[in-house]
Amino acid sequence: MKKDELRYHLLHCCLGKKRAVSATRLRGTVHISENELRKAVNRLRREGVPIGSDQTGYYYAQTAGEVYSTIKHLKKMRSGLDAAIEGLEGSLDSFGPDRG
């Protein structure tokens with residue numbers, strides 16, 4: 001399964017934020033699509049595997065600080081998505097009742 005291969009690779013080759021690897025490079029190494037990579041990272045995180053990420057790429061978190069940093073990064077992303085959803089919901093009014 002790709003998520004197990006991904007976990008193994010991150011643990012053994014990308015331990016700690018200083019050894020983060022870009023999504024593009026990681027996809028090539030694990031032979032996985034961009035969508036599959038996101039899903040695998042999400043599944044691993046839900047299972048409690050400390051997969052860290054930032055603007056430089058993905059890594060297997062080595063410290064609690066790296067996990068907290070990733071949490072902060074994800075919350076910022078969530079905040080941006082919530083704002084985009086609010087804006088889109090507000091745009092629905094411009095379509096009027098008959099535009100479905």
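A residue is called buried here when its relative accessible area is under 20%, exposed when that value is over 50%, and partly exposed in between (1.4 Å probe, protein chains only). The model is a predicted one, in which local features need pLDDT of at least 70, side-chain atom pairs count only at pLDDT 80 or more, and totals for chains, interfaces and linings use all residues. Numbering runs from 1 along each chain as its sequence is written, and side-chain values use heavy atoms, with hydrogens and water left out.

As for the fold, the protein has four helices and two strands, taken as DSSP runs (H or I, at least four residues, for helices; E, at least two, for strands) and numbered from the N terminus. Along the sequence these come in the order α-α-α-β-β-α. The radius of gyration (over C-alpha atoms) is 17 Å, well over the 13 Å that the globule rule (2.2 Å times the number of residues to the power 0.38) gives for 100 residues, so the protein is more spread out than a compact globule. Its C-alpha trace spans about 55 × 30 × 25 Å along the principal axes.

Back to His9, which sits in helix H1 (residues 2-13). Leaving aside residues up to four places away in sequence, His9 touches Cys14, Leu26 and Thr29, a contact being heavy atoms within 4.5 Å. Across the protein, 53% of the contacts between residues at least 6 apart in sequence join residues at least 24 apart. Buried residues account for 26% of the 100 residues.
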